[in-house]
Amino acid sequence: MDLGPHAAFIWISYAAVAVVVAGLIGWLLLDGRKQAAALEALEKRGIKRRSSASAE
Amino acid sequence: MQTLTQQLANPTRFMDLSARVLPWVAGIAAALIVYGLYLSFFDSPADYQQGETVRIMYIHVPCAWLSMMVYGLIAVSSFGLLVFRHPLADVSAKAAAPIGAAFTFLALLTGSLWGKPMWGTYWVWDARLTSVLILFFLYLGLIALRAAFEDESAGAKLTAVLALVGVTILPIIKFSVNWWNTLHQPSTDFTATVDPSMRWPLLVMALGFTLLFFAMHLKAMRNEVLRRRVKAMRTQAVAGRDRLATQPAE
Amino acid sequence: MNSFWALVRRDLRLAVREGGAIGTALGFFLIVVSLMPLGLGPDLNLLARIAAGILWIALLLAALLSLNRIFEADYEDGTLDVLATGHLPLELVATAKSLAHWLTTGIPLALLAPVLGILLNLDLPSYPILVGTTLVGTPAVSFLGAIGAALTVKARRGGLLLALVVLPLYVPTLIFGISAVSAAAGPAGMGAAFLILAAISLAAVVLGPIAAAAALRIQLQ
């Protein structure tokens, strides 16, 4: 596909957006997993959150 | 019947709802962006002036739009925190800031790359790019201010005040930048008028990016809710260490 | 209103007594302006063209240095807590302190600007206009700066953070301040830019203390 003499600018623009968006998504997914794991570890140790304790 | 924001005030409720909604938002966003990319490259014409580089517009404009929309969202969340004490308002503001800053940066980057073949330089002090640059500084200020406080509650409220000050002064900044620009460049108008044949791909991409942001924002909010739970539980663990040691776990 | 003016007078007295801070701001102003020709070359025509811009930017930077003074000392020794619980509303406390800052720092900087203009070959007709615009624009500098000072009074590395937070707020003042000076020589005159500058300062005087007080209240809890 011929994108003209300035094709590089077009590719780099789209690539930059792709990289940043992918990076953001990656960070969000990894962070989510990290928090969920920490939460699980704490719950295994028997620590209750106040709201679940009072709901019982 | 409670309003949506009232229903979402309960973090647990929010987690349930967002877990169900998120895959849909992400899926539709992906579909729209794929469709938009197809349209941008294969179903829209080259500009008679700019040639193919007009295709950069299809990602630059959505990024620029998001940079402003997200700041507005942060302002609304900040208002919700300070005036209504909505429990998730700060979570929303905190989650949105880095994502908004990233899109603002992308708006600047793509704007610069669009400008080089068009105007010959990588940076031009036109009204729009300059306004986006200052908006970037406002985002950095929000992130830096929050990071400077160990007391999360104080950091949250102060960042909210800054966000509201920022949103109040933003129209004045844009007005002053426009003024400054017309002073120094009275003739050139860098705004590319959008040809009708390009409006549809632009709309699709803008919509896709907006949904993409909301998917990321929901995920970031979920992460933040989890982070705060973890922190609260760790505090309890430290406080109750004696209790756990002397009594059997329930 | 007595308490308001008492607070202003107290801040003025303190500022005069510790003198050094005002001197530092003025000295910084002088040094930055002196550095410009060293960096840009001694071409007097060039300097004359950009003199207003250099003076305004250097003025803003010098003012930045002095901003954290507005609330810091009183926060650290507990006076701010006393003021917050006193019968003067915190918004008026912020107003009084911002006003004192303008009187002790803003005005001196504004008055020094034309003197430094000599270093930059500022053309003669611009002198009174420069003084006019800086005197009208520096209230915005003090009152908007006070918002930043209030937000960062308790923060780690407050000084740098203050600069990052406040500089975007200064953009309209900078643009219209310089615009008024350069427009004065032109056909249309400086009227529009000057009026807008005045409006911005006025808005800053009225609204700035509200934001500053809100920020102080959050940190005094």
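Student: Which pair of chains shares the most contacts?
Tutor: Two pairs of chains are in contact. Chain A and chain C do not touch, and their nearest C-alpha atoms are 24 Å apart. The pair sharing the most contacts is chains A and B.

Student: Which element gives the largest share of the side of chain B that touches chain A?
Tutor: The contact takes 33 residues from chain B and 27 residues from chain A. On chain B, two or more residues come from each of α3 (57-84), α4 (89-119) and α7 (196-239). With 14 residues, the largest share belongs to α7(B).

Student: How many charged residues are on the side of chain B that touches chain A?
Tutor: That side has 19 nonpolar and five polar residues. Its charged residues number nine.

Student: Where does A:L24 lie, and is A:L24 buried, exposed or partly exposed?
Tutor: A:L24 sits in helix α1 (residues 7-44) of chain A. Leaving out residues up to four places away in sequence, A:L24 touches B:I99, B:A102 and B:M216. A residue needs 20 or more C-beta neighbours to be buried. A:L24 has 19 inside 10 Å, so A:L24 counts as partly exposed.

Student: Where in chain A does pLDDT stay under 50?
Tutor: Chain A averages a pLDDT of 82, and 79% of the residues score at least 70. Where pLDDT is low, the predicted coordinates should not be read in detail. The model has one contact beyond four places in sequence for the stretch in question. In chain A, pLDDT stays under 50 over residues 51-56.

Student: What percentage of chain A is buried?
Tutor: Chain A has two helices and zero strands. Of its 56 residues, the buried ones make up 12%.

Student: What percentage of chain B is buried?
Tutor: Chain B has eight helices and zero strands. Its C-alpha trace spans about 80 × 40 × 35 Å along the principal axes. Among contacts in chain B with a separation of 6 or more, 79% join residues 24 or more positions apart. Of the 250 residues of chain B, the buried share is 45%.

Student: What is the phi of B:R85, and where is B:R85 found?
Tutor: Most residues other than glycine have a negative phi. B:R85 has a positive value. With 10 C-beta neighbours inside 10 Å, B:R85 counts as exposed. Phi of B:R85 is near 55°, and B:R85 is found in the loop between α3 and α4 of chain B.

Student: Is C:N121 buried, exposed or partly exposed?
Tutor: C:N121 lies in the loop between α6 (90-117) and α7 of chain C. Its phi is near 60°, a positive value in a residue other than glycine. C:N121 has 16 C-beta neighbours inside 10 Å, so C:N121 counts as partly exposed.

Student: Which helix gives the most to the side of chain C that touches chain B?
Tutor: The contact takes 22 residues from chain C and 22 residues from chain B. On chain C, α7 (126-151), α8 (158-184) and α9 (191-220) each supply at least two residues. By class, the side of chain C divides into 18 nonpolar, two polar and two charged. The most, 11 residues, comes from α8(C).

Student: Why does C:I200 count as buried?
Tutor: C:I200 is found in helix α9 of chain C. Not counting residues up to four places away in sequence, C:I200 touches B:I172, C:A140, C:P172, C:T173 and C:F176. A residue is buried if 20 or more other C-beta atoms lie within 10 Å. C:I200 is buried because the number of other C-beta atoms within 10 Å is 23.

Student: Where does the kink in α9(C) lie?
Tutor: α9(C) has 30 residues and reaches 43 Å from its first C-alpha to its last, close to the 44 Å expected. The kink is about 35° and comes shortly before the proline C:P209. The kink lies at C:L207.

Student: How many residues are in the largest nonpolar core?
Tutor: The residues with the most contacts inside that core are B:V161, C:L55, C:L59, C:A150 and C:A215. Leaving aside neighbours within four places in sequence, C:A215 is in contact with residues including B:L158, B:V161 and C:A150. The size of the largest nonpolar core is 154 residues.

Methods
Residues numbered from 1 in each chain as written. Chains lettered and ligands numbered in written order. Predicted model: local features only at pLDDT ≥ 70, side-chain atom pairs only at ≥ 80, totals over all residues. Contact = placed C-beta atoms within 7 Å. Helix = DSSP H or I, 4+ residues; strand = E, 2+ residues; numbered from the N terminus. Nonpolar A, V, L, I, M, F, W, Y, C, P; charged D, E, K, R; others polar. Expected span 1.5 Å × (residues − 1). Bend = angle between axes of the 7 residues up to and from the residue. Core = buried A, V, L, I, M, F, W, Y, C linked by C-beta atoms within 7 Å. pLDDT = per-residue confidence, 0-100.
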